[in-house]
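This briefing covers a few local features of one protein model. Look at the sequence and the structure first, then read the points below.

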Amino acid sequence: MPVTRRAFSCRSLALAALLPLGLSACAQSEASVSPFSEPERADGSALGRDPRLLVMTTRRSTGNVAPYFDTDRGRLTFAEARLSPPGRGIAGRVSSAVSGDWAVLGIARETTDGAAGAFAAAANGQDVLLYIHGFNETFDTAARSAGQLSHALAFQGRTALFTWPSGGRLFDYAYDRESALWSRDGFVQTLQALIANPTVGRIHIVAHSMGTFLTLEGLRELRDSPEIQARIGSVVLASPDVDIDAFEQTVRKLGPLAHRMTVIIDPGDRALAVSARIAGGVARAGSADRTRLEALGVRVADTSGRGWSMLRHDLFLSNSEVTQVVRRAMERGGG
């Protein structure tokens, strides 16, 4: 795996565990993450052929000037980001090893007036993969992760990113959590617009880390909507950085939607161990006991011993076996 900003951030978090801040180490079951043979993907992803990422964001816009959306809070905005897909062939692979595969080239379209409606219209007639990033992410790293995930899944619909104003720094944990909660209204408007467009197909949500907190808050607010129950295909919560008690409380209120959830966990997740220390020792859902989670009616994929990652916090992106957990969840959800 190339040394990307994500990897660098993970190493920084691991080192933070050594600092004198009291932080130590950073229904139906997916009984195990089983080995598989990578399927043939001659056509690749739709995003690879047409690299325009749909973006909904509560970050402040910087205009069509990098970083395009910064760490401050802003109006709900829809944009189309132009991405550069990973290179092919030997030269492309060498370049990808240096650049980290996907890159953001610029913003092709941006609007704040009627942002949610413009977003839903851009997804007309297709299934949607909606990615919600986690803690310590810039717009650039979140967009590249969305591209990487879509490509790994060979997703044939429209790929979208909901990006909230993370500070993008290791010690901005409190700011990030408050920003995620502050973004709930924008996330709810995004989902409402999608389900209000009858031409949009199945909506598949993949949320990571602190992004699962925002996702659950939004789904809880919409739980009584029959449309959301009908249109959501799958909800994958990867390494959820959510208090396990709060997680149980919320999932129990989601009704049938809980049965479309897959939770990717790893008891050895060092990033969640740090988060638990910050939270006063309360376990996070992403490293909780699987039987406790399965009792909620969700599927659980335990990645213990699978792949390699310094913090074991983003295996759904970096390990092909774990990525297939996401693929299977989407297939069950009609993707």
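**Helix α11 and its ends**

In helix α11, which spans residues 270-278, the buried residues include Ala271, Leu272, Val274, Ser275 and Ala276. The model is predicted.

- At the start of α11, Asp269 places a side-chain oxygen within 3.0 Å of the backbone nitrogen of Ala271.
- Gly280 follows α11 and has a positive phi, near 85°.

**Ser239 in its loop**

- The loop between β7 (232-238) and α10 (244-252) contains Ser239.
- Ser239 has a relative accessibility of 8%, so this residue counts as buried, the cut-off being under 20%.
- Apart from neighbours within four places in sequence, Ser239 contacts His208, Ser209, Ile264, Asp269, Leu272, Gly286 and His313.

**Helices α7 and α8**

- Two packed helices are described by the angle and the distance between their axes.
- For α7 (residues 184-196) and α8 (residues 211-221), the axes come within 9 Å and cross at roughly 60°.
- The two helices, α7 and α8, are therefore oblique to each other.
- The crossing of α7 and α8 is right-handed.
- On the α7 side, the contact is made by Arg184, Asp185, Phe187, Val188 and Leu191; on the α8 side, it is made by Leu214, Thr215, Glu217, Gly218, Leu219 and Glu221.
- Of the residues in this contact between α7 and α8, five are nonpolar, two are polar and four are charged.

How values were computed:
Residues numbered from 1 in each chain as written. Predicted model: local features only at pLDDT ≥ 70, side-chain atom pairs only at ≥ 80, totals over all residues. Heavy atoms only, no water. Axes fitted to C-alpha atoms, helices over the stretch in contact; angles between N-to-C directions. Helix = DSSP H or I, 4+ residues; strand = E, 2+ residues; numbered from the N terminus. Parallel < 35°, antiparallel > 145°, perpendicular 65-115°, else oblique. Left-handed = near helix turned anticlockwise from the far one by under 90°. Contact = heavy atoms within 4.5 Å. Nonpolar A, V, L, I, M, F, W, Y, C, P; charged D, E, K, R; others polar. Buried < 20%, exposed > 50% of the residue type's maximum accessible area, 1.4 Å probe, protein only. Polar contact = N/O pair within 3.5 Å; in protein donor to acceptor, adjacent residues only side chain to side chain.
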